[in-house]
Amino acid sequence: MTDNDRHALLVGVSTYDGDAYQDLPAVRADLHYMRAVLENTEIGMYNECAVAAEPTRAQMLHAVEAFLEARQPSETALLYFSGHGEYCEQDGQLYFLTRDTDPADLPGTAVPAEFLERMLQSCRAASKLVLLDCCSSGSVVQGWTAKGPAGEPDRTAPSTLLKPTGVYFITASDALQAASAMAPPGSDLGTSRFTGEIVEGLRNGRIKDGGWITPDDLFDYLTAQMTRDGVPEEQRPTKSTIRATRSLPFARSVARPVRLPALPHDATEAARRSPALLKARRLAEADERDGVNPQRLLRYYADCLTAQAAAGMRPDRDAGRDEKYFLLAQGAETIQSGRGAHIVAPGSLARARDGRAGTDGGAGTRQEYWYGYPAITLRARDGGRGRRATVELAPLLIQQMELAPDENGRDVLRPSGVPSLHTGVVSEFLDAGDAADLVARWQPAWQEGNDAQMLRAVRELLDELGLPELEPLDPSALSDRTVMQALRPGAHNAAVLLVPSGAEAMATQALVENLLEISTRTAQIPGTALAALLNGGARQAPATTGASASRVTPVAPGPCNENQEQVSSAMSRPLTVATGPSGTGKSEVVTAVVTTCVAAGQSVLVASTTTRP
C-alpha cells in the first residue's frame, strides 16, 4: 500500500442558524479526534483528511461532490458525517441537516441521502467506506416499518436508500432511531458515543490484535462494545456491505496507546478555515451569483454523451469478434460478481493511440472499454440482409473499465463504478416509458462474491424483458457453447468486453473532448451561442453591432405558414429551437432564417439534426 491512496472527508454540523434544532457540541470533538486518528502515522496513515465543519447545504453538497469526483480507481475514499439526521415523511427520505436547514423545507434546505448515494455510485475509488454518526442513519442501509395507529397493522414504508452498492456503510443507529449521544464509558474526549468508540478503539489498539483493521473488524467491535454496555439494540450500529470491498484496510492496530492532540479552544474557527470548506464556500457563492455553473453542466453533458454512446454499442456478432468485442467464456465471471478486482486484457485489445506525425493534431485518442454479463443476442435493428439474418451482441449488465498495468507490468482492466443496465438492450424489449422506469429504479443488490444472489437478479431482469436463457446461466463457469450459433434473442453464459472504435465512437469522443475542453475555459463563454444554450435561451441584451438591434422583417423566398413566420421573425432572441416531424417545413424555416439574416446584414448559426439541410 502506498502512502498516497487513502483519502477522507469529515463533515460535521454542531450549530444551527435557527432554534428548531439543538446544538451538538460533541460534533466539534468528533471531527477533531477522527481527523487525529486518521492522520496519525501509526494508525490511519491517511494522506489527506479534509474537514468541512458547519457547512450550509450548498457548501456540503459541493464539498462531498468535489471530494468524491477527485478520487481515482487506485484510491480508498472514506466519508464521515456527524450531526443531526432527520426523516422526511413527504418523500420518505433521510436528510443530513446543515447549518441553514429549515425544518419546514427539508428537501430544499438539507442534504438528501439520495444525493450521497448518487455521488458514491459514480465515485471511481476502488474502495469506499462511509461512517454516519447521526439519528435515523440506519434507514440509509435498510428498510423500515412505520407504526400505524393502534389496532392497525404496521405498514411497510419506502426506505431512503435500500441498496447502496459498492460502498461499505456503518451507521450509528437503526432506521428511524436516535443515535446514542453519550460518550463511551471511561472516555474524556467529549465525543459522541459512536465516534468515541471508534477513536478510543483505534488509539488504544482494542479493535484487533495487530495488523490492518477492516470495516468488518470495526463493525464487530462497535457492536460488541455497545452490547456489553447495555445500549438498546435499536441504537447500535448497522451496516451495509452490498458489493462492497469487505477487506479494505481502514486503519492499523497499535500495540500501545497513542496520545492524541487535545481539542484546541479555537477548533471550530480553525475548521471553518479548512481548504475543503473554503473551496466549497467559493463554489456555493459562485452558484448563487451566477445561477448556472457552466463547468459542471458541460461535464454533466459529456457524461450523458458517453452513457448514450454505450447504449448504442451492439456490435455485429459474426463480423466484430476480437475487434469490436471480445467474448470472455472461460473460468468464472469475476467483475460483476465481485469475485475479483480485474481481468487480464486480451493480447489483441486496441489501446489508446498516442499522437504521431501525420495524424490530425498532436493529441492522443482515448479508448473506451465496457464489460458486462450475461451476453445477449439480438436481431439487428435493420432486420439483417442476405441469406442469414444479422445478429448483434451486447451484455445485459454493463460497466466501464479502465486499462492500466498491474504491479507485474501486465495490462489489466479494472471496473469503474458499479454495474448498470445496457439501455440499448432494455429499450429493444420494452417501450420507451417502461425502459426508462426500469433503468432509473434498477440497482445491483447482491453481496460481493454471491453468485446465487447475482443470478437471481439477472433472471428477474430477463423475465421482465421476456428474454429466455438459451443456455443455463452459471457465473462460476462461463461458456461460449451457444452464443455464436444462436439466431434468436436470448441470454448466454458468457461475458462480453466491448471496444467501440472508428466511426462508431469518434464523433461522440470528439464532442465529449470538446465539451471537456470548453469546461476549462468557461470565461470565454459569455456572448457566444453556447451561453444562450447553457442559460436555457434566456433573453440577453442584443449586441450593438452595425446591424439594427430592432426587430427585423422576415424575408422568405417562398410562401410561409404562421409557425414558420414566427420562427423567422424571432431574430431579436439569442436562441430559437424549432422541432417538428418530417414534412412540416423545417427546411423552409432554415432557408427563411438564413435569407432574413442576409437581408438584415446579420450572421446566423444553424444547427439541425435533419438528414439534409
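Visitor: Which residue stands opposite Val-391 in β18?

Guide: Good place to start! Arg-379 faces Val-391 of strand β18. Keep in mind that this is a predicted model.

Visitor: How many bridges join β17 and β18, and in what sense do they pair?

Guide: Strand β17, residues 375-379, pairs with β18 over five bridges, in the antiparallel sense.

Visitor: What is the order of the strands in the open sheet?

Guide: The order is β18-β17-β21, three strands with antiparallel pairing. At the edges stand β18 (391-395) and β21 (490-492); each has a single partner strand, so one side of each lacks a neighbour in the sheet. On average, neighbouring strands of this sheet are turned by 35° against each other, direction ignored.

Visitor: Let's move on to helices. How are two packed helices described?

Guide: By the angle between their axes and the distance between the axes. Here, take helix α1 (residues 26-39) and helix α5 (residues 193-203): their axes come within 10 Å and cross at roughly 30°. Angles under 35 degrees count as roughly parallel, and α1 and α5 are therefore roughly parallel to each other.

Visitor: Is the crossing of α1 and α5 left-handed or right-handed?

Guide: The crossing of these two helices is left-handed.

Visitor: Which residues make the contact?

Guide: From α1 come Asp-30, Tyr-33, Met-34 and Val-37, while α5 brings Thr-195, Ile-198, Val-199 and Leu-202. Sorted by class, the contact of α1 with α5 holds six nonpolar residues, one polar and one charged.

Key:
Residues numbered from 1 in each chain as written. Predicted model: local features only at pLDDT ≥ 70, side-chain atom pairs only at ≥ 80, totals over all residues. Heavy atoms only, no water. Pairing = 2+ DSSP bridges. Helix = DSSP H or I, 4+ residues; strand = E, 2+ residues; numbered from the N terminus. Axes fitted to C-alpha atoms, helices over the stretch in contact; angles between N-to-C directions. Parallel < 35°, antiparallel > 145°, perpendicular 65-115°, else oblique. Left-handed = near helix turned anticlockwise from the far one by under 90°. Contact = heavy atoms within 4.5 Å. Nonpolar A, V, L, I, M, F, W, Y, C, P; charged D, E, K, R; others polar.
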